[in-house]
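Here are my notes from going through this one.

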Amino acid sequence: MKAGQYFRCLWGIFLREGLRFLHQRERFFGALVRPLVWLFIFAAGFRSVLGVSIIPPYETYILYEEYIVPGLAAMILLFSGMQSSLSMVYDREMGSMRMLMVSPFPRWYLLLCKLTAGTLVAIAQVYVFLGIAWFWDVQPPLMGYLLAFPALLLSGLMMGALGLLLSSAIKQLENFAGVMNFVIFPMFFASSALYPLWRIKDSSLFLYEICRFNPFTHAVELIRFSLYGQIGWTAFFVVVGSLLLFLAGALYGYDPARGLMSRKQGGG
Amino acid sequence: MSEAALRLSDVSFSYTKRQVLDEVSFTLNPGEFCVLLGVNGAGKTTLFSLITRLFISGGGSIDIYGYDLKRQSRKALAQLGVVFQQPTLDLDLSLTQNLHYHCALQGINPNKIGDRIEMAMEEVGLADRMADRVRALSGGQRRRVELVRALLHQPRLLLADEPTVGLDIHSRQAILKQVRERCQQDGIGVLWATHLVDEVEPEDQVVILHDGKVLASDKANQIMQQTETDSVKQAFNQLTGSDSA
């Protein structure tokens, strides 16, 4: 296989994911409504209850809406990562995953293409959300939108890789709901998405430690800092490390020789 | 290098405790239409999963045109066209988009084979439906598109796992005819898994798989001769001790 063929494969997978997304408009609105409900309703309600002091990267007092926007952007990536994981399980049960797996390209490359394609689709949703938030007076510096892209890409890949890892371990579609409850909600709530960690530390040191070790917290902080033109180095290394770890697990899971796929299905 | 399109030697596989395939061996030559005959649960789909490298066999070896599937998997897979038992077309994408996606997975530029795509779709009577979503097609039409797709990159070995299940008699006949023609004209090897004995012709190579074991592997008429029966169905029932095919 030549480099041009690799690119063609990558482009084909990107195109397919993009087209699927465009054809499933309800998925797009669903993905957008969730963070908007949090922004318009939850944030407005809690604005007076949850005061936020001046913490980096912010240089002045900010409204609660402004604080939770990076967390909600990360939430879009988290849900999208899990959604594509769900679609992998669905594809596997329905058969279209097999199409991908019998391609003569290396399997790691195919999975990486699929992961990246899913992440780019999720990032497009994040930018639509950030655009709407702009009209809600959450206006980070314009340059921040550009600088946030690598942070969104890394965070999206990390959550997509986690989804991929889960999809390789989930036997049936029916088991997915349980995993969602055990993964998405704890990850989201035990993080700095909705409240700064110092506030959590005030109420529970144990919970604070959990939040600190939660990779989602670091994804949120990476996005938050980048939106304001800064790099959170700790967050960066944790996100990259988690990405590599989840990815290695997912590739192992999809390896027919060793992975979890190989003893899963019966047949005719 | 061996010239066999497909060679299985002592292939075994088990799901945790249950042995599904037990030392399966047979050879399929280029230009040969080989029917893998077995009742549901005989191990046909598992065998297909092994040949397509979705699973790795516990023992034995699989060669595709001389390429060992374990050591030269990408070269081996590049020889394959596959129609899976489950439909694998994307229902929300158009026929063109589905075929282009397949081209991408094979590293082919779809624009360069536009004529081939058009001709193949004309052959199956769907050239005017290229812009339609797959969802709008009937089951038989979808299968025919899957067949076109599987042959688009000009594979040398076609695997078809019960591709006619659930189709009406006309669709079944049309698909079988199409594949047999390609087999004869292009000299590709075809492994056709089915539990429908009426799809077998006397000159076909037949592998009878039962409870994960190969009970017979020969030309259909030879198997009938050996079992002293008048039809493939009778031979199959005699060998498997059942009356289910």
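1. Ground rules. This is a predicted model, so to speak of local features we need pLDDT of at least 70, and side-chain atom pairs count only at pLDDT 80 or more, while totals for chains, interfaces and linings use all residues. Residues are numbered from 1 along each chain as its sequence is written, and chains are lettered from A and ligands numbered from 1 in the order in which they are written.

2. Chain B overall. Chain B has eight helices and ten strands; these are DSSP runs numbered from the N terminus, helices being H or I with at least four residues and strands E with at least two. Its radius of gyration is 18 Å, which agrees with the value near 18 Å for a compact globule of 245 residues (taken over C-alpha atoms; the rule is 2.2 Å times the number of residues to the power 0.38). The C-alpha trace spans about 50 × 40 × 35 Å along its principal axes.

3. Take contacts in chain B between residues at least 6 apart in sequence: 68% of them join residues at least 24 apart. Contact here means C-beta atoms, placed from the backbone, within 7 Å.

4. In chain B, the axes of helix H5 (residues 139-151) and helix H6 (residues 169-186) come within 10 Å and cross at roughly 10° (axes are lines fitted to C-alpha atoms, for helices over the stretch in contact, with angles from 0 to 180 degrees between N-to-C directions). That makes H5(B) roughly parallel to H6(B), the label for angles under 35 degrees. On the H5(B) side the contact includes B:Leu147 and B:Leu151, and on the H6(B) side B:Ile175 and B:Val179 are among the residues.

5. The four-stranded sheet. Chain B has an open sheet in the order E2-E1-E4-E5, with antiparallel pairing; strands pair if DSSP finds at least two bridges between them. Strand E2 (18-28) and strand E5 (67-68) are the edges, each pairing on one side only. Helix H1 (residues 44-51) of chain B packs on this sheet, touching strand E1 (6-15), E2 and E4, and its direction makes about 65° with that of E2(B).

6. Across the chains. What does chain A bring to chain B? In all, 30 residues of chain A are in contact with 36 residues of chain B. H1(A) gives the most to that side of chain A, with ten residues.

Terms used:
Two residues are in contact if their C-beta atoms, placed from the backbone, lie within 7 Å. Angles under 35 degrees count as roughly parallel, over 145 as roughly antiparallel, 65 to 115 as roughly perpendicular and the rest as oblique.
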